[in-house]
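Please open the model in your viewer and keep the sequence panel beside it. The tour goes from one selection to the next and says what is found at each stop.

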Amino acid sequence: MKHIGTAVILSGPSGVGKSTVCSHLFKARPGIGFSVSCTTRSPRPGEVDGVAYHFLNKDEFQSKIEANAFLEWAEVHGNYYGTLKEEVKPIVMAGRDVILDIDVQGCRLVKTSCENDPVLRCSIISVFLVPPSLEVLERRLRGRGTETEEAILRRLGNARREMEAWREYDYVIVNDEAEEAARRLEAIIESSHLRTTVMDEEPWIK
Ligand code: ADP
Ligand code: 5GP
């Protein structure tokens, strides 16, 4: 049965575990792709250019805006982040799934910019990942040890605001245990392929 792939918008406050949950998911389902965003923030230790992000300077990012290369872009925690069109539509057209790890404003912008696109409109689902509590979120963000105190406080401040948007999403997953959260995400993606709107043809033999 042929179907359009699913573009999964995965949002949640910084430090909730989006990358961790995705890495469990990709181990279980290596066929699922990841939309590599562009960012002007500096790479964290271990982050490889072109894998975690395309790391650009501000001028390079600006050139991509001018070239209309982005499906959406936004300023997040003082840096620019953007989703390239080429990372999403060709993938779902080929019947593959792709995860977009983007923030709440990015989710809103993608939904608006895809409203008139018959493929992307059907392809997109949105999932919000939340921590079991704000105390746990703070512990995870500090435990990761990748941000300065100033950046941690900014991310925690943004987290409270971002979490209020959870009802704008189709699904919510509490990231208590990361492997269990990844299993739930996998189940959501699996069932998204059964939506009538993503099928190219009748799923029975005529
Ligand atoms: P995000 O991508 O949402 O910013 P990360 O995946 O980098 O978050 O996770 C932030 C920190 O929390 C990391 O140190 C990670 O190992 C830890 N973490 C993620 N999920 C869990 C979990 N379910 N239980 C305990 N620690 C977790
Ligand atoms: P981090 O710097 O921790 O990797 O990401 C910070 C925030 O930026 C996260 O909420 C993440 O989801 C978001 N983000 C990453 N890529 C994009 C993108 O392409 N667009 C938007 N709007 N947000 C993004």
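Where does ligand 2 sit? Ligand 2 sits in the largest pocket, a pocket being an open set of points on a 1 Å grid over the protein atoms alone, with protein on both sides within 12 Å along at least five of seven lines, and sitting there meaning that more than half of the atoms of the molecule lie within 2 Å of the grid points. Before you go on, note that this is a predicted model, in which local features need pLDDT of at least 70, side-chain atom pairs count only at pLDDT 80 or more, and totals for chains, interfaces and linings use all residues. Residues are numbered from 1 along each chain as its sequence is written, chains are lettered from A and ligands numbered from 1 in the order in which they are written, and side-chain values use heavy atoms, with hydrogens and water left out.

**Ligand 2**

For polar contacts (pairs of N or O atoms within 3.5 Å), look at the side chain of Glu72, which has an N or O atom 2.6 Å from a nitrogen atom of the ligand, and then at Arg155, where a polar side-chain atom lies 2.8 Å from an oxygen atom of ligand 2. The protein buries 96% of the 510 Å² that ligand 2 exposes when taken alone, as computed by the Shrake-Rupley method with a 1.4 Å probe.

**Ligand 1**

Move to ligand 1, which also sits in the largest pocket. Its shell holds 14 residues, of which Gly15, Lys18, Ser19, Thr20 and Arg144 come nearest. An oxygen atom of the ligand is 2.8 Å from a polar backbone atom of Lys18, and the side chain of Thr20 has an N or O atom 2.6 Å from a ligand oxygen. Of the 570 Å² of accessible area that ligand 1 has on its own, the protein covers 73%.

Finally, display the open sheet of five strands, whose order is S2-S7-S1-S8-S9 with parallel pairing (two strands pair if DSSP finds at least two bridges between them).

Key: Near = heavy atom within 4 Å. Polar contact = N/O pair within 3.5 Å; in protein donor to acceptor, adjacent residues only side chain to side chain. 1 Å grid on protein atoms, 1.4 Å probe; cavity = no way out; pocket = protein on both sides within 12 Å on 5 of 7 lines; lining within 4 Å. Helix = DSSP H or I, 4+ residues; strand = E, 2+ residues; numbered from the N terminus.
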